[in-house]
Amino acid sequence: MKLMLSLVYKSLFNRRITALMIICSIAVSVALLLGVEKIRHGAKESFSSTIAGTDLIVGARSGSVQLLLYSVFRIGNATNNVSWQSYQDIASNPNVAWSIPLSLGDSHKGYRVLGTNKTYFEHYRYGKKRPLIFKEEQFQDGQPFEQLHDVILGSEVANKLKYQLGDQVVIAHGMGNTSFSKHKDQPFTVTGILAPTGTPVDNTLHVSLQAIEAIHVDWKAGVYIPGSGGKAPITERELQPQQITAFLLGLKSKMATFQLQRYISNYRDEPLQAVLPGVALQELWGMIGIAESALFLISIFVVISGLFTMLTVLLTGLNERRRELAILRSVGARPFQIMLLLVLETALLTFLGIIFGMVLLYSGLALGLPLLEQAYGLQLTLELPQLAEVKLLLLILIAGTLTGLIPGYRAYRYSLADGMTVRI
């Protein structure tokens, strides 16, 4: 076997350019397959970790996925709002430890504006229960929303729009990149910028619930009517919210989750629903599972393409190696040893392709992890291949080795006389 491996090495070294091209082809295929797998699992985990530590999401009765999308991912709109009285009633339930009200509907240059309160920054968690951190802040007494027209920006909003502390921001009524209904009479001042989270928080402008009420004082049915809200100065009004879009709940005990969920579902004052974030996320992921499977199949076909490339190169070069193989036969090599030689060559090429593919993948991940987390919210980690990935690599190695049986069988059939015959 040692002599056989030596012959394999020398044969491949003699055809090192061709061998290198085959290794590169397999390496790229392996890197793509494992990369897709890691991104697929990373996307699933990042999707699931967009909100952490929240036991229930409560909103108007619609669908669990719809409620999750507009309240957490800022996608779509609510079918109806929740009255402030109902929110206070449920938030005061003995089983509730904390609550975060959410009011959506306005925007700024295509970015969502979220009305909330200070508990948002105290209790909102993402990833592995990581809290929101301020990258830049200049609150007068260390707390957000001390002034009515304070706005706190997500990192992506600040980066894309080049905003800094102290800049003025005008909020638009409704959604859309372009809006002709703006609250120009009440500009906001940037008082804080959040650190990147890789979640929809980065694309959100945060203001207080009182500020949401203040900018809509003179608005009736979506139309601005000056003076319709009265003549008293904004700062002297009682800016009590009348409605909110949804709210998040954290419970004192996980055992009370289903009990409170049933209570909210049967709430008599208005039709509400409460969903568990994890269950809604699984339902959402199941809806997009077809795209996930399609992406995985594409990467599998790329690997198959790489193996076919190796097979094509070996079969093409086999005719040129007939004299080499005939010489080996003339010095005592048996037909099955010739076949084994080619099988070992394909096995070695596949193995080296897998090794270089992993080097290529992990090098790319080491350089691109910060970018992936900041730009796309993919929280990938540099760790050893998981069991499922090891199985895929073994399957590739076995498939590459079996591929060598085809040129090996053809070489097996070559006779000594055929190999030594000079063809004109």
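What share of the 424 residues of the protein count as buried? In this predicted model, the figure is 46%.

**View 1. The whole protein, before zooming in.** You're looking at a fold with 15 helices and 16 strands. Its accessible surface comes to about 22,000 Å², and carbon and sulfur atoms own 60% of that. Take the contacts with a separation of 6 or more: 77% of them join residues 24 or more positions apart.

**View 2. Helix α2 packs against helix α9.** Here α2 (residues 16-48) and α9 (residues 277-287) sit with their axes 10 Å apart, at an angle of about 145 degrees. The crossing of α2 past α9 is right-handed. On the α2 side, look for R40, A43, K44, F47 and S48; they meet L281, L284 and W285 of α9. Sorted by class, this contact brings together five nonpolar residues, one polar and two charged.

View 3. K162 is found between α6 (155-161) and β9 (168-169), in the loop that links them. Phi is positive here too, at about 60 degrees, although K162 is not a glycine. So is K162 buried or exposed? K162 counts as exposed because its relative accessibility is 66%, and the cut-off for exposed is over 50%.

Conventions. Residues are numbered from 1 along each chain as its sequence is written. This is a predicted model: local features need pLDDT of at least 70, side-chain atom pairs count only at pLDDT 80 or more; totals for chains, interfaces and linings use all residues. Side-chain values use heavy atoms; hydrogens and water are left out. Axes are lines fitted to C-alpha atoms, for helices over the stretch in contact, and angles run from 0 to 180 degrees between N-to-C directions. Helices (H or I, at least four residues) and strands (E, at least two) are DSSP runs, numbered from the N terminus. A crossing is left-handed if the near helix is turned anticlockwise from the far one by less than a right angle, and right-handed if clockwise. Contact means heavy atoms within 4.5 Å. Ala, Val, Leu, Ile, Met, Phe, Trp, Tyr, Cys and Pro count as nonpolar, Asp, Glu, Lys and Arg as charged, and the others, Gly among them, as polar. Buried means under 20% relative accessible area, exposed over 50%, partly exposed in between (1.4 Å probe, protein chains only). Accessible areas come from the Shrake-Rupley method with a 1.4 Å probe; for residues, only the protein chains shown count as cover.
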